[in-house]
Amino acid sequence: MDIYGFTEMIVDWLVGIISYFIDWLGFHRFASWLESQSVIDFLTILGVALILFIVGFLIAITMIWQERKTLGRLMDRRGAMVVGPAGYFQNIADGLKTFLKEIIIPEKADKKGYNWSPIIIIGSSILLIGLIPISERFYLADLDGGLIFLFAIFSITPFAILIGGWASNNKYSLIGGMRSAAQLISYEVPLLLSIVGVVILAGSLNLSDIVRAQQESIWFVIPQFIGFVIFLITIVAEVERIPFDLPEAEAELVEGWWTEYGGMRFGLLMLAEYFRGYAGAAVGVLLFLGGWNGPILPPEIWFLIKVFIVFFVFIWIRGSLTRVRIDQILNIGWKRLIPLSLINILIAVLIKSMGWL
Amino acid sequence: MAEMWINMGPQHPMTHGLWNLRVKVDGETIVDAEPVVGYLHRGWEKLTENRMYPQIIPMSDRLCYGASMSWSHLYCLAVEELMDVEVPERAEYIRVIVLELQRIASHLMWLAAYGTDLGLLTGFVYAMRERELFLDLLQSVSGARMTYNYMRIGGVRNDLPPNFERDCLRTLDFFEKKLDEYEQIYDKSAIFRLRTEGVGILKAADAINLGVTGPSLRGSGVRIDIRDHDPYSVYDELDWDICTHPDCDCYARYKVRMDEMRMSCHIIREAFKKMPDGPVRVKAPRHAPKRTAFARVEDPRGEALMYVIGDGTDKPFRLKVRSPIFVTVSAVPIMLKGYKVADVPAIMGSVDMCLGETDR
């Protein structure tokens, strides 16, 4: 059963109870309108959006906590430790703090672009979570072209970032937005090329099918090791983390394209970044690390364990590397990763045509 | 192409204090740069004219709290020169030891700041962690952690505390192991090399013409160190070497400072071996004669100089400071031109800014 069907069942049940009481009170037309399919569909979509946000929020909060603790350990300190058990609720306290901040819009900013770009970024990030199946029974949409759709949504963000950076009317934001567009667009090419090998081996663009294909043979990280490494590098650039966090490099650009975003906007953008980090790690798990397959434990737990392990690698990279320069990152992307990913596709084709997998 | 000026500072994560770097960019390439200092000006030199000679010592600490021992030492050296005071030998050795400890602490603070400039927070935390050990040592000597007020005209305030030699040598042994650990995250990191090698070239001729001193000059391959060329204290009795690197880039400046930290450990060990017993302080006259004197030392950041004019009273008639970073900042446009905006923190971090002494 998927989330949508589950939510629809609950909504149907609740609406049935409420409309029964309304009917009993004498408002017959209102009760029949409430039970109509369009109202139930609308409420179901609201419920699904809420569930997605809560699931994404919980995972993102856990990831921020994991990052704080792991980074703390790497740096020989404790990380968050005061609020809640092992500092777990520190993120929620920080989130509440951002609520209290005044929302400041720069006087000469382009209001429409400034206000809409975080909405697009956050919305598309939540949509990403909707497209990721956590297990065979916990998913929202199981599209045939799910992988393509996922990366299509991934690539909405540079557009919104560019708009946001431009509309802020700040030189740092402008440079940050430009950098972000250059970086994200040039890294989408090797990112997409690195997953082509997996698609060839699995013979499908459907995420569940890809996982099932790994269940039948082996995890694709073994035949597609080069692809996995390229994927890790490019996804780190795609979610803008150190060493590829150039669009928001605080030492040179003062947080780059989100310099002017304060208060809850900043909080939500931060959360959206972790949503995207989760989406990136989850795609890596689905494509290369066997998805939710694993012994004994339920599949959802296996999936999340693998996601957190991949995210640990992200944190490890952040703790041990310095930031690269914008021309260097573009050189790495175009001159090294793209040829390497083409070789990777060749390997996949070879394996498939020889019938080894 | 449209060119635009970007103000980096006075409040910017890159600045390491209050100053402004105006950068003219074409796209992301720097075509011109203009440093603007003066945001932190406190009138230090004027203030000294209203204080008696010993009262200026705690003020001289505040010139740069990254290297406060070095600055108060320089002031004492200049006044000793003015008053013809002979410092006891044990005091000279103690001075060398605390100065080198201060040099390591200052370079560690630089290393930490350079880490954050390049986005490596881990390096910041590691270097600051080891800096604490040296602050502890200096605290056991003087009682303070940043502004030590330990130097006196005619010696030092008090002798080294008991067990100081043991603690110090133990710390040095530990620290030399940690230096290798830093190389794992700085030197052996390909991305750090990518960011620093060939960036911020300052040719030896340019450096000499602009008066750049200290690690920035030695990073250009010039073998000039005041400790060797115009020895003060007991540096000429110790066996040590000038650290240079020929590459002229940010990586060379990084390498010079790392080597200097190792060399400082060596100097401290040697000073402990040769240190004699005896008094640590002589009585200095209250009034200075009517004449001028100057002293120069090798500060962690370069050549620092103080020029004092005595007029026969107990207050200096005039006191002039030549601070190393004030001069080095003038070389910034040459170092920045032709590089990217992203190189600004890498280049500015590599000269080890300290605005307290720059603006005074």
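The model is predicted: local features need pLDDT of at least 70, side-chain atom pairs count only at pLDDT 80 or more, and totals for chains, interfaces and linings use all residues. Residues are numbered from 1 along each chain as its sequence is written, chains are lettered from A and ligands numbered from 1 in the order in which they are written, and side-chain values use heavy atoms, leaving out hydrogens and water.

**The two chains**

Let us begin with the helices and strands. Here helices (H or I, at least four residues) and strands (E, at least two) are DSSP runs, numbered from the N terminus. Chain B holds 15 helices and 8 strands, while chain A has 14 helices and 0 strands.

How do the chains fit the rule for a compact globule? The radius of gyration is taken over C-alpha atoms, and the rule is 2.2 Å times the number of residues to the power 0.38. For the 360 residues of chain B, the rule gives a value near 21 Å, and the chain has 20 Å, which agrees. For the 357 residues of chain A, the rule also gives a value near 21 Å, and that chain has 22 Å, which agrees.

The table below collects more values. Accessible areas come from the Shrake-Rupley method with a 1.4 Å probe, and for residues only the protein chains shown count as cover.

| Chain | C-alpha span along principal axes | Accessible surface | Carbon and sulfur share |
|---|---|---|---|
| Chain A | about 75 × 60 × 40 Å | about 16,300 Å² | 72% |
| Chain B | roughly 65 × 45 × 35 Å | about 13,100 Å² | 52% |

A residue is called buried under 20% relative accessible area, exposed over 50%, and partly exposed in between (1.4 Å probe, protein chains only). By this count, 60% of the 360 residues of chain B are buried, and in chain A the share is 50% of 357 residues.

Now to charges, where Lys and Arg count as positive and Asp and Glu as negative, with His and the chain ends not counted. Each charge is placed at NZ of Lys, CZ of Arg, CG of Asp or CD of Glu. Chain B carries 46 positive and 52 negative side chains, with the centres of the two sets 4 Å apart. In chain A, the mean positions of 25 positive and 29 negative charges lie 10 Å apart.

**Where the chains meet**

Contact means heavy atoms within 4.5 Å. The meeting of the chains takes 30 residues from chain B and 25 residues from chain A. In chain B, E28(B), I191(B) and R195(B) lose the most area to chain A, together 19% of what that side buries. Buried area is the accessible area (1.4 Å probe) that two parts lose on being put together, summed over both. For these two chains it is about 2,500 Å², and carbon and sulfur atoms give 60% of that.

**Some residues to look at**

F149(A) sits in helix α6 (residues 146–154) of chain A. F149(A) is partly exposed, at a relative accessible area of 39%. Leaving aside residues up to four places away in sequence, F149(A) touches L131(A) and L143(A).

In chain B, S233(B) is not a glycine, although its phi is positive, about 45 degrees. S233(B) belongs to the loop between α10 (226–229) and α11 (250–274), and is buried with a relative accessible area of 17%. D352(B), also a residue other than glycine, has a positive phi near 60 degrees. D352(B) lies in the loop between α14 (343–350) and α15 (355–359), and is buried with a relative accessible area of 4%.
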